[in-house]
Amino acid sequence: MNENTSKRDDIYAKIVASGDFVFDETTANVFEDMIKRSVPGYSTIISMIGVLAKRYYQSESNIYDLGCSIGGATFSICSKFQNEEFSLIAVDNSPAMIKRMEEKKNNFLRHGGRVETRCENIQNTLIKNASVIVLNFTLQFLPMSNRLDLINKIYAGMRPNGILIISEKIVVPDSTLNTLLINMYHQFKQSNGYSKLEISQKRAALENVLTPETIDAHRCRLVSAGFGSFDVWFQCFNFASMIAIK
Ligand code: GEK
């Protein structure tokens, strides 16, 4: 991604009135800086999404990036295809995110690639003929009761041998270890320049918006949808990236 277009994330640097975190213009403007300083391993995950997409893409199929934000995963995928043909549908329901993605799109697209951006709720997205589907830190924002429906829809719209890459903030069942992982994560944020005030205000703002689950809950849901293979390929503290193959 272009390093110069994202401003520094200082949304929670001063005491703010309580309110839930939203993906608005203010967030979109600092998103690149925010996600890199807030998600351990983000750059590694983004880079490997490109590698996995290239490996699992089946000719004349579709790639979906669901909850694409400003296009981190999409543009990583684009960079792996060079001038080869591929078709990618990137979806986010935040107009501010999609606007920023549109502004960047032409810097990444080469001859052969087709990237369609859609501003819509991924729960309404028609999924068809997919060989690669990316849910990179998106499922965690859906109401719990809607998650299985989305995974079932993804499975149904996928070709055999297609891959789903799903990254999430997680909880671990042992409460002592869960607290330890959260503490380690907060130290990681402090080492990336976030103050204690910023960390605690952001945590409060995400409380009603982001619901993490255990790896086992993800495994059960994916297996019940029909996925044959599942495992975690990356974990750092309470953040994990998983793969499931149809
Ligand atoms: C990346 N994948 O950089 N429909 C569509 N979009 C949604 C929905 C929904 N129901 N709910 C949330 N979003 C990206 C990072 S960010 C993760 C993903 C984070 C969108 C929301 O607007 C936001 O852009 C994105 O999901 C989550 O690889 O901020 O922690």
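**How the helices sit on the sheet**

Helix α3 lies across β1, β2, β3 and β4 (130-136), running at about 170 degrees to β2; contact here means heavy atoms within 4.5 Å. Angles run from 0 to 180 degrees between N-to-C directions, with axes fitted to C-alpha atoms, for helices over the stretch in contact. Helices (H or I, at least four residues) and strands (E, at least two) are DSSP runs numbered from the N terminus. The model is predicted, with local features needing pLDDT of at least 70 and side-chain atom pairs pLDDT 80 or more, while totals for chains, interfaces and linings use all residues. Residues are numbered from 1 along each chain as its sequence is written, and side-chain values use heavy atoms, leaving out hydrogens and water.

The sheet itself is open, with 7 strands in the order β3-β2-β1-β4-β5-β7-β6 and mixed pairing (a pair needs at least two DSSP bridges). β3 (113-119) and β6 sit at the edges with a single partner strand each, so one side of each has no neighbour in the sheet. Inside the sheet, β1 (residues 62-66) and β2 (residues 86-92) run parallel, joined by 4 bridges, and Ile63 stands opposite Leu88 in β2.

Just past α8, Gly226 takes a positive phi of about 125 degrees.
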